[in-house]
Amino acid sequence: MLTIAMLTEPHTFPYAPKFGVYDPAFSDIDKNLFVLNAARFVPEVEITDLETNTDNSGTVNATFSFIIKEAQ
């Protein structure tokens, strides 16, 4: 679900218009929006690390780490 959020533009899904992260083609990935999406749509995980970089071809790569929260 987290990977899908990274690959989805906001407002793509009518029933969840805030789901997704804006295309980083002309700016960096909005890390805060990604963490907010994780908290909202995948509440059983907590993002512990998020790194982004751009390779020589212009491809933006994102690597994230997370932990699964214990059931309450």
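In this predicted model, F66 is partly exposed, with a relative accessible area of 40%. F66 forms a tilted aromatic pair with F64, at 6.4 Å centre to centre and 35 degrees between the planes.

**Aromatic pairs**

- A search of the whole structure finds 4 aromatic pairs.
- In one of them, F34 and F64 have ring centres 5.2 Å apart and planes at 45 degrees, so this pair is tilted.
- The pair links distant parts of the chain, since F34 lies in helix α2 and F64 in strand β2, 30 residues apart.
- F34 is buried, with a relative accessible area of 0%.
- Ring pairs also join F13, F19 and F41 into a cluster.

**Residue T8**

- T8 is located in the loop between α1 (2–6) and α2 (31–41).
- The relative accessible area of T8 is 9%, under the 20% limit, and T8 is therefore buried.
- The side chain of T8 reaches the backbone oxygen of I4 at 2.6 Å.
- Apart from neighbours within four places in sequence, T8 is in contact with F13, F19, G20 and V21.

**The largest pocket**

- The largest pocket holds about 170 Å³ of space.
- It is lined by 10 residues, of which M6, L7, I29, V60 and A62 are the closest to its centre.
- Both α1 and β2 (60–68) supply at least two residues of the lining, and the largest share, 4 residues, comes from β2.
- By class, the lining comprises 8 nonpolar and 2 polar residues, with no charged residues.

Note on methods
Residues are numbered from 1 along each chain as its sequence is written. This is a predicted model: local features need pLDDT of at least 70, side-chain atom pairs count only at pLDDT 80 or more; totals for chains, interfaces and linings use all residues. Side-chain values use heavy atoms; hydrogens and water are left out. Buried means under 20% relative accessible area, exposed over 50%, partly exposed in between (1.4 Å probe, protein chains only). A polar contact is a pair of N or O atoms within 3.5 Å; within protein, one must be able to donate a hydrogen and the other to accept it, and residues adjacent in sequence count only if both atoms are side-chain atoms. Contact means heavy atoms within 4.5 Å. On a 1 Å grid over the protein atoms alone, a cavity is a set of points where a 1.4 Å probe fits but cannot get out, and a pocket is an open set with protein on both sides within 12 Å along at least five of seven lines; lining residues have an atom within 4 Å of a point. Grid points are joined across faces, edges and corners, and a volume is the space filled by probe spheres set on the points. Ala, Val, Leu, Ile, Met, Phe, Trp, Tyr, Cys and Pro count as nonpolar, Asp, Glu, Lys and Arg as charged, and the others, Gly among them, as polar. Rings of Phe, Tyr and Trp (its six-membered ring) pair if their centres lie within 6.5 Å; planes under 30 degrees apart count as stacked, over 60 as edge-to-face and the rest as tilted.
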